[in-house]
Amino acid sequence: MKIEIDQGSGFCFGVTSAINKAEEELAQGGTLYCLGDIVHNGKECDRLKKLGLITIDHAAFSTLRHAKVLLRAHGEPPATYQQARKNDIDIIDATCPVVLHLQERIKKDYGHDGARDKQIVIFGKNGHAEVLGLVGQTEGQAIVIESPEEVTKLDFDKDICLYSQTTKPLDGFRKIVDYIQAHISPQATFRYYDTICRQVANRMPHIRDFASRHDVILFVCGKKSSNGRVLYNECRHVNPRSYLIDSADEIDVKWLEECHSVGICGGTSTPKWLMEACAEALKKRKAE
């Protein structure tokens with residue numbers, strides 16, 4: 001049985017940078033907090049916890065004083081920075097540069113003359129950390145649509161300015177653009193910005209090709225990972241024998257019946273070491 005780890009899977013640039021910053025700070029000693037899970041992967045969070053990283057939520061963050069807190073790659077709304085200044089919190093900002101640039105664009109658009117009379121729309125997942133940070137740039141006024149089907153709730157008689165969460169699929173964004181262009185009132189304006197991260201978007205065709213080359217696909221990712229779920233569904237679409245696992249412990253030997261080739265892949269929040277651990281587990285079973 002051939003076993004291949006997808007070299008295109010694993011942490012994206014933003015996640016890698018955030019984890020590197022966390023490790024550098026922890027190596028210097030002292031207490032370091034992280035606002036929310038640094039990455040949507042429980043195994044990686046457990047590894048960093050053993051190094052001393054303390055994960056907190058926003059409620060705990062509001063009670064901290066004179067502390068050091070790392071902001072993960074997903075970004076935060078302005079209110080978080082205001083709270084930090086108020087409580088004398090030293091911020092280690094690991095916001096992904098792509099996300100940071102998107103925040104700045106939305107904030108500028110919202111602050112522009114007359115912006116409050118138009119609809120700033122974000123194609124993204126409600127409640128997702130990145131989306132909360134984006135909506136925060138508009139004082140909570142941005143409209144979030146999770147799927148192309150939700151575009152009908154917009155007011156097509158008003159100006160529309162469309163952005164996207166950086167990890168949403170390109171085809172969904174294009175469907176929304178096409179629908180708005182077909183329905184926008186002649187008296188209203190429509191501007192859209194493709195703010196999808198290409199490092200993430202380019203993984204979609206790659207993962208389809210990878211999944212098609214193997215009998216069985218083991219997709220390794222945390223259950224909280226939105227990006228992982230999207231990529232896993234693409235694998236399933238191409239290869240029905242695709243299985244979502246959090247670790248090697250979840251591998252079912254029944255999946256490997258009449259299997260000559262296993263592909264191991266993951267999302268942008270999947271550490272390489274976890275995929276390698278799954279490969280090692282398979283090799284041990286082959287040797288038994």
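**An enclosed helix**

Guide: Helix H6 (residues 129-136) is largely enclosed by the rest of the structure, because 6 of its 8 residues are buried. Buried means under 20% relative accessible area, exposed over 50%, and partly exposed in between, with a 1.4 Å probe and protein chains only. Helices (H or I, at least four residues) and strands (E, at least two) are DSSP runs, numbered from the N terminus. This is a predicted model, in which local features need pLDDT of at least 70, side-chain atom pairs count only at pLDDT 80 or more, and totals for chains, interfaces and linings use all residues. Residues are numbered from 1 along each chain as its sequence is written, and side-chain values use heavy atoms, with hydrogens and water left out.

Visitor: Which residues of H6 are buried, and what do they pack against?

Guide: The buried residues are Ala129, Glu130, Val131, Gly133, Leu134 and Val135. They pack against helix H5 (97-111), strand S6 (119-123) and strand S7 (143-145), where contact means heavy atoms within 4.5 Å.

Visitor: How is a salt bridge defined, and how many does the structure hold?

Guide: A salt bridge is a side-chain nitrogen of Lys or Arg within 4 Å of a carboxyl oxygen of Asp or Glu. The structure holds 13 salt bridges. One of them joins arginine 191 to aspartate 109, with the closest N and O atoms 3.2 Å apart. Arginine 191 lies in strand S9 (residues 190-192) and aspartate 109 in helix H5, so the pair ties together parts that are 82 residues apart in sequence.

Visitor: Are the two partners, arginine 191 and aspartate 109, buried or partly exposed?

Guide: Arginine 191 is partly exposed, with a relative accessible area of 36%, whereas aspartate 109 is buried at 8%. In another salt bridge, arginine 208 meets glutamate 234 at 2.7 Å, N to O. Arginine 208 belongs to helix H9 (residues 203-212) and glutamate 234 to helix H10, 26 residues apart.

Visitor: What unit does H10 make with strands S10 and S11?

Guide: A crossover is right-handed if, with the strands pointing away from the viewer, the path from the first strand over the helix to the second runs clockwise. Here S10, H10 (residues 226-238) and S11 make a right-handed β-α-β unit. Two strands pair if DSSP finds at least two bridges between them; S10 (residues 216-220) and S11 pair in the parallel sense over 4 bridges. Valine 220 stands opposite isoleucine 245 in S11.
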